[in-house]
Every structure is written in structure tokens, then in C-alpha cells.
Amino acid sequence: MHEKINRLLAEIEGCTAKSNDEVEALRVGWLGKKGSITSLFEEFRQVGAEEKRQFGQQINRLKQAALEKINALREGLEHHNDSKQTFDATMPGEPAPLGARHPLSIVRGEIIDIFKTLGYTVAEGPEIEDDYHVFGALNFPPEHPARDMQDTFFITTGDNPVLLRTHTSSVQVRVMECQKPPIRIICPGRVFRNEAISARAHCIFHQVEGLYIDENVSFADMKHSILYFAREFFGEKVQIRLRPSYFPFTEPSAEVDVSCNICNGKGCNVCKHTGWLEIMGCGMVDPNVLEASNIDPQKYTGFAFGMGIERIAMLKWHVRDLRHYFENDVRFLRQFAAT
Ligand code: DAH
């Protein structure tokens, strides 16, 4: 018995535990109903009277040692858990990954900022429009091909069908309906066209429309405003050229090219060896458009222009495939983090 007690003492001294469950298992093993120390108390009853005193003291000491060990192990575990949760404010922080603004938002913001310095304010209109605001009031004849199902997503049929706007020029009409000249607005927004998705086209894209109406607004004013924009956006050295064009809502109309910012006008495969890149359409607001919105074309003149944000963004960063802007691949988007 003496030997058994010493063995148990050594066992108690040397044991460790990694969890509260393990401590509990030790307690049951020593002091439970069938525990090794409990059974020593059974054996103690059979011990002769002369040895009782000595063994009694030893068994009690053993029990005490077991209880102390159990408490020490429990405390040790609690302390360990505590220290795990302790917050050390002096440790270097975990760096939060920086987000990036979407490249199209960056370009939209830059375009708006440039025109703001010329006194333009931002106007917005609905993406779900009707035929009148997208076509009718902008002088599109009833049989104009842009009204075709091939180009336009129609929502309803009828006299003035509801549709997804195919350009932000509709915002011009919304503003002219409720504002009198002088009007100087810039209208960024999302537009929709029934196009097959490719590297150069998408069925959802973004435009910025500009409109300036006042007394004596001239073609020269328009040309200068566009030159100012091009220089601010592409740099001081950029040149512009206007090519005659046609839009139902402007007369005369033009398309604007900037000198290629990759080869500086010498000719490369981006500008198809012409030295020029097309950036927008523009023109003097057709008198029919002013009249449709009750603005007197005898008194007022104006100019308008419209450009695709994706196209401008592709030129700015030399992105060759428009689909990158819509796929949200973080490897692409992260490149704009510091912009
Ligand atoms: N709305 C035209 C388009 O989507 C772009 C445009 C061209 C807007 C000439 C204008 C403009 O205001 O004058 O292709």
C-alpha cells in the first residue's frame, strides 16, 4: 500500500492537461467513485489498527495533492485562454487591403471635374425611358433605324413605347422641359443597346452628354470647350480635329478626333495608322429640338456633345478589350488602386 501511494504521488506530480476535459478525466481517475485514491480509502478499512494512523495521514496527503493538482491545472488552462484573447495595442496592425475605385468611375469623375470648371452642373435622368424622350423630342424621324428592335431594348409597344435609353441625350430633353436657358449641364449615365458583346461593344455601357444653351452660343464656343476638355484630359500637347457628321438632334454635326496619345500622331495599330482617335460626337442643337421643348430657337442657340466613358477609359489606359471593365476581375481592378 505504501508503494501504491508513492506511485500515485509521483503520477499526480508529473501529469499535465491540455483541456478542461482532460483535467476532469484525471479527477475522475483519482477521486471518482472507482478512482484510484477512492479505492485506497476502501483498502484503508482493512488495514491493521497500528498502521491506520500512518496510512490515514498518507492517504489524506495524497488526496490533498490530487485536489491541488486539479486546481492548478484548471487555473493554468484559464490563464492560457485569457492570454490568447488579450489585445496588445502595441503590436503592428494587420494591413487592411485597399480597395480601388472602378476605372469607369475614375474617368467619369475626371470628365465631370473638367466640365465643372467651365460652369457645367451634373444632371441625371431615368434609364427606363420612353420613345419621346429618347427619339421623338430629339428629332428622330419615325422610321429612323436607331428605333429598330435591332438597336433598342423595348419594354412595351404602342404609340410611345417604354424602352431602355440608348443614349444619355434623353437627359437633355428632361432638363430643357423644366429649365429655361442659360442651360449648361453634363449628364453621365448608363445606356443600353441590343449589341453582341465583343472587345469593342457591349449591350450596357456609359456615356457623358453635354449641353450648353444660351443667347449667341456659337460653333466656335463648342470647338473651344472641346479643345479645353481634350487638353485637360489627354495633356497640353493633344490636338483635335472635327469631321462633318450627322445626328438627328444637331445641325451641323461633327465627330471629334484627338491626336493619338500612343504614337503622338505618327501612326500605330491603335489609331490604325491614321494618327487620330475618335472620342465623341457633337453639334449645334437642331432648332427642332429646341422647339420641341418650348425654347425659342430665334433667341437661343446651343451645342451638345456626347462621348462613351468606356472608350475614353480605353484610350487613357490603353486597354484593348472593353469586356475587362465589366468582368470585375480583381487582378484588373487592383491596377487602379492608386489612381
Ligand atoms: N447620342 C449620341 C450617341 O449615342 C452621341 C452624341 C452625338 C451626343 C452628338 C450629342 C451630340 O449630344 O451632339 O451616339
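Entry one, the ground rules. I am working with a predicted model, in which local features need pLDDT of at least 70 and side-chain atom pairs count only at pLDDT 80 or more, while totals for chains, interfaces and linings use all residues. Residues are numbered from 1 along each chain as its sequence is written, and side-chain values use heavy atoms, with hydrogens and water left out.

The side chain of Ser 169 places an N or O atom 3.0 Å from a nitrogen atom of the ligand. For Gln 207, a side-chain N or O atom is 2.9 Å from a ligand oxygen atom, and for Glu 209 a polar side-chain atom lies 2.5 Å from an oxygen atom of the ligand. I then looked up the area (Shrake-Rupley method, 1.4 Å probe): the ligand taken alone exposes 350 Å², and the protein buries 88% of that.

I found Thr 168 at 0% relative accessibility, so it counts as buried (under 20% relative accessible area, 1.4 Å probe, protein chains only). Leaving aside neighbours within four places in sequence, Thr 168 is in contact (heavy atoms within 4.5 Å) with residues including Cys 187, Val 191, Gln 207 and Glu 209.

Conventions
Polar contact = N/O pair within 3.5 Å; in protein donor to acceptor, adjacent residues only side chain to side chain. Buried < 20%, exposed > 50% of the residue type's maximum accessible area, 1.4 Å probe, protein only.
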